[in-house]
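Hi,

Here's the structure I promised to pass on. Have a look at it first, and then read my notes below.

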Amino acid sequence: MPVININAFAGLKPITDPVLLGNNDATLAKNVRLVSGALAPLKGTTTLKVLTKAAPQTIFRYGTSVNENEYWLEFLADTDVVRSPIAADQYGRLYWTDGGVPKYAPNNLILSGSDYPGGSYNLGIPAPASPLTIATFTPPPSATQTEVRTYVYTYVSAYGEEGPPSPASSLATLDPAQPAGLTNIAVAPSGAYNIATKRIYRSSAVGSAAQFQFVAEIPIANTTYSDEVLQASLGEILPSTEWYAPPSGMKGLKLLANGAAIGFKGNTVHLSEPNLPHAWPHEYPIEEEIVGIGVFRQSAVILTTGRPYLMSGADPQAMSLERMELPQACLSKRSIVDTGDGVLYASPDGIVSISSGGIQLITRDLFTRDQWQAFNPSSIQAVSHDNRYHAMYTTAGGTRGTLVFDFSGQGALLSETDINQTTAVTALYADYRTDTLYMAQGTNIVRYNAGTPLTYAWRSKMFRAPFAMNFSRAQLISTSYPTTLKVYADGVLRFTKSVANGGTFFLPSGLRAIDWQFEISGTGEVTQLVVATAADELRKT
């Protein structure tokens, strides 16, 4: 082993013994960008704006403004936020869940005040609690002119969102040619529902074939109505019989490709009608307690305290559920990341990927279970940015760090950064419009990898010689200097040099060892490190 030539710098493989790593692999790769094979620095952060809340768990950029400073929403709890599934929604609505009452808000309410969101409404429209009364009517003049009626009514929001119907009124046998006087039509219930009107429906058939048809829409304050509509002039059949509000306590709100919204509570998956995020008639209970949900293409991944499930289908009332074969629980809801082609999450054994190709533990060649558990995977919050899975963790001892996994097929697979070591990152947001990762860190929203270059550290594998030998010459090629080189011999730091240029330089004479490692630190982009026992060997590389 007279020459060591490293000219394609790779990442970490902690599971592999340092002696058995590939020649370009690392035992330390911190604050590095490993894309082209060169050793390049990760950049630091730059401050975008001051937070309005202390340590928010979720941040979200609203609107379409090109000014990245504008319209940041902050939530103190872990919150799932989705944009409106309604095409060209004129109200600019957002919907969110945080484990309390599901919420939504239109543009003017979101941007009211200086602390966004400025307000919200409860998601869903309640059913009226009491039936209306058919107070006055004319009895039929003969049996041949009899019509038997019963009525229901619904609440309707200012945005046309309709809720489920009231209990049916008592039956009345009347003359269809004469008006019927309706009373006790309840006003809006308490709660932030933004109800503006009521819709009245009636049926002239009873029993299992009863169909309620539209009669009229009246202001929310009106408690009476005179029905003079003939049967032939009735409108549409009541569409909202089972359009229930989502349950209080629902979490994990996401949107499926068919426009349906999905969430969970306990061990039950809840689905809305397509493009009607206020109407939640569909429930799918499963065996395990649900931790979180990821979505990709036409599918939803239901992650639990046991095995994951794959839910797919085009119709929310006819979704299929497949219990997946790999028993890998999800340890952290905040570790769940949708990549577009699949879902990634933190399990007890490592990072799991679920996609159309199936389920696999994609870090099985990187960590042992004990190595992975040392990162305290239940603490992980993660985000997908720049084709990388950024996983921020806090160990049981309180040490913070970030693992960066590159699953794009480019560059190194694993590196680390200490970007959140001094000041904790409490929230992450990847904005695909600007291809920027934003973080809530300390008292600010900051941009990731957007500042001055950080000082990186990259340490090689352990090169084991067949016998004790001396490396006497080295050369380090970088785009800028100085760059620091450290030499470890038989596990001990024996030499440190600030390399000033690309020329060759001497290593300590008389230093003989079997195991050698080389560590590079700096901010310049390094393309090659060559270490040899003699000068003429360097010239051959």
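Let's start with a pocket: β28 gives three residues to the lining of the second largest pocket, and that is the largest share. Keep in mind that this is a predicted model.

That second largest pocket has a volume of about 390 Å³. It is lined by 16 residues, and the closest to its centre are Thr339, Leu344, Ser353, Phe407 and Ser408. Besides β28 (342-346), the elements that give two or more residues to this lining are β29 (351-355) and β32 (388-394). Sorted by class, the lining has eight polar, six nonpolar and two charged residues.

Now the largest pocket, with a volume of about 1100 Å³. Here 38 residues make up the lining, and Val81, Lys254, Asp338, Tyr429 and Tyr432 are the closest to the centre. Several strands give two or more residues each, among them β6 (58-61), β8 (80-83), β19 (251-255) and β23. By class you get 17 nonpolar, 11 polar and 10 charged residues in the lining of the largest pocket.

β23 turns up again in a sheet. Four strands form this open sheet, in the order β23-β24-β25-β26, with antiparallel pairing. At the edges sit β23 (290-296) and β26 (320-323), each pairing on one side only. On average, neighbouring strands of the sheet are turned by 20° against each other, direction ignored.

Which residue in β25 stands opposite Ala300? That's Met311.

Cheers

Methods
Residues numbered from 1 in each chain as written. Predicted model: local features only at pLDDT ≥ 70, side-chain atom pairs only at ≥ 80, totals over all residues. Heavy atoms only, no water. Pairing = 2+ DSSP bridges. Axes fitted to C-alpha atoms, helices over the stretch in contact; angles between N-to-C directions. 1 Å grid on protein atoms, 1.4 Å probe; cavity = no way out; pocket = protein on both sides within 12 Å on 5 of 7 lines; lining within 4 Å. Points joined across faces, edges and corners; volume = space filled by probe spheres on them. Nonpolar A, V, L, I, M, F, W, Y, C, P; charged D, E, K, R; others polar.
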